[in-house]
Amino acid sequence: MTVMRALVVNHESPFPLALAEVPEPTTAPHEALIRVEAAAVNPGELADRLPAAPSGTIAGWEAAGVVLRPAADGSGPEAGTPVVTVWEGGAWAELRAVPTAALGVLPSGADFAAASTLPVAAGSALRALRALSAAPGRRILITGASGAVGRFAVQLGAAAGAHVIAAVRRPEAGTELLNLGAAEVVATPALTDLAPVDGVLETVGGEILVEAFGRLKAGGQLLSVGRASGRDITFRPEQLMGDHGSHGRSITTFFFGDGTPGVDADLTWLGGQLAAGRLHTHVSRVVSAADAPAALTEPADGRVVIDFS
Ligand SMILES: NC(=O)c1ccc[n+]([C@@H]2O[C@H](COP(=O)([O-])OP(=O)(O)OC[C@H]3O[C@@H](n4cnc5c(N)ncnc54)[C@H](OP(=O)(O)O)[C@@H]3O)[C@@H](O)[C@H]2O)c1
């Protein structure tokens, strides 16, 4: 049996993750075997997935690397192709098996650490903005704009021609978001002075979702992507009432892994934007796999990336 290094869930460790030697993954006919160079860490994985996963699980949603063995069914790229991948788990390892529908091709010479941060955050931002019909003439409010999803959404929304309003709790984050393409920056939680918007990409939850809903035009849509604050969402009855200016508003839930096809095309496009310098990511630290369990207990401003090269 051939073994590889992987970060596996270990509930006996103080932080529930440990570097271990485990068997190499087997591949189904529609899966390629990827040599992982870099894998990103999402806050949702640490907060929700690790505590619930059984010991021995190889965690990690997103990783960038090189195709070692193409899929047996002939789908996907050939051996040696640089790729970015997303799947339920298995990213935090030297090798990962992933369906070819869940990988995008990267331009040669791509920065693997930066690319590894794309799938969940940029993929969600892209799909959410599509659902909100971000386009010229549309006013789109993005809450939690200083976070990973928010920063990508600001850039992609502006590139789509929408009037992007970035909502932040730390005013000092505003300058960078203006540089990334926001037309306006507003401070949360109170949004009462903001002119009505056509759509909201909401990542924070709590009272910010309620405030943002209150800024929607008639027929406007709030897409509830995340709940970074962890706070409950409470509407007073009158906050849900519509009048001549605000009837027909909706709140829609969102899930990146909902099975909508086209993840491969979206990731390929996002990788191209990144490599061309039209999309910027925020990697705060790159750590070795051995250092990752300790490093992940520290707060991070931006994404932590695990180096498996
Ligand atoms: N539904 C899906 O498929 C999907 C996909 C991707 C992400 N998500 C979820 O979306 C959320 C954002 O993800 P992310 O990767 O962008 O996270 P992130 O990088 O940690 O960013 C979190 C953002 O929320 C802000 N924030 C946190 N607590 C806040 C509070 N109490 N009040 C105001 N703002 C607050 C942060 O502001 P500061 O910069 O000031 O800290 C930051 O802008 C998470 O809940 C994540 O689980 C869901």
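The model is predicted, so to speak of a local feature a pLDDT of at least 70 is needed, while side-chain atom pairs count only at pLDDT 80 or more and totals for chains, interfaces and linings use all residues. Residues are numbered from 1 along each chain as its sequence is written, and side-chain values use heavy atoms, with hydrogens and water left out.

**The chain as a whole**

Eight helices and 15 strands make up the secondary structure of the chain; these are DSSP runs numbered from the N terminus, with helices (H or I) of at least four residues and strands (E) of at least two. The C-alpha trace spans about 70 × 40 × 35 Å along its principal axes. For 309 residues, a compact globule would have a radius of gyration near 19 Å, and the 20 Å of this chain agrees with that. The radius is taken over C-alpha atoms, and the globule rule is 2.2 Å times the number of residues to the power 0.38. Of the 309 residues, 49% count as buried. Here buried means under 20% relative accessible area, exposed means over 50%, and partly exposed lies in between, with a 1.4 Å probe and protein chains only.

**Around the ligand**

Now to the ligand. It is surrounded by 23 residues, and the closest are Ser146, Arg170, Val225, Phe256 and Arg303; a residue is near a molecule if one of its heavy atoms lies within 4 Å of it. By class, this shell has 11 nonpolar, seven polar and five charged residues. Nonpolar covers Ala, Val, Leu, Ile, Met, Phe, Trp, Tyr, Cys and Pro, charged covers Asp, Glu, Lys and Arg, and the others, Gly among them, are polar. Helices α3 (118-131) and α4 (148-159) each supply at least two residues of the shell.

Backbone atoms also face the ligand. A backbone N or O atom of Val149 lies 2.9 Å from a ligand oxygen atom, and for Arg227 the distance from a backbone N or O atom to a ligand oxygen is 3.1 Å. For Ala228 the corresponding value is 3.3 Å. The protein covers 80% of the 930 Å² of accessible area that the ligand has on its own, with areas from the Shrake-Rupley method and a 1.4 Å probe.

**Salt bridges**

Side chains of opposite charge can pair when their charged atoms come close. The structure holds 13 salt bridges, each being a side-chain nitrogen of Lys or Arg within 4 Å of a carboxyl oxygen of Asp or Glu. Three of them are listed here.

| Salt bridge | N to O distance |
|---|---|
| Arg127 and Asp266 | 2.8 Å |
| Glu172 and Arg170 | 3.9 Å |
| Glu238 and Arg236 | 2.8 Å |

Salt bridges that share partners join Arg127, Arg130 and Asp266 into one network. Within the salt bridge of Arg127 and Asp266, Arg127 lies in helix α3 and Asp266 in helix α7 (residues 263-275), so the pair ties together parts that are 139 residues apart in sequence. Both Arg127 and Asp266 are buried.

The other two pairs have these accessibilities. Glu172 is exposed at 57% relative accessibility, whereas Arg170 is partly exposed at 35%. Glu238 is partly exposed at 49%, and Arg236 is partly exposed at 47%.

**A buried threonine**

Thr143 sits in the loop between β8 (139-142) and α4. Its relative accessibility is 0%, so Thr143 counts as buried. The side chain of Thr143 makes a polar contact with the side chain of Glu202 at 2.8 Å. A polar contact is a pair of N or O atoms within 3.5 Å; within protein, one must be able to donate a hydrogen and the other to accept it, and residues adjacent in sequence count only if both atoms are side-chain atoms.
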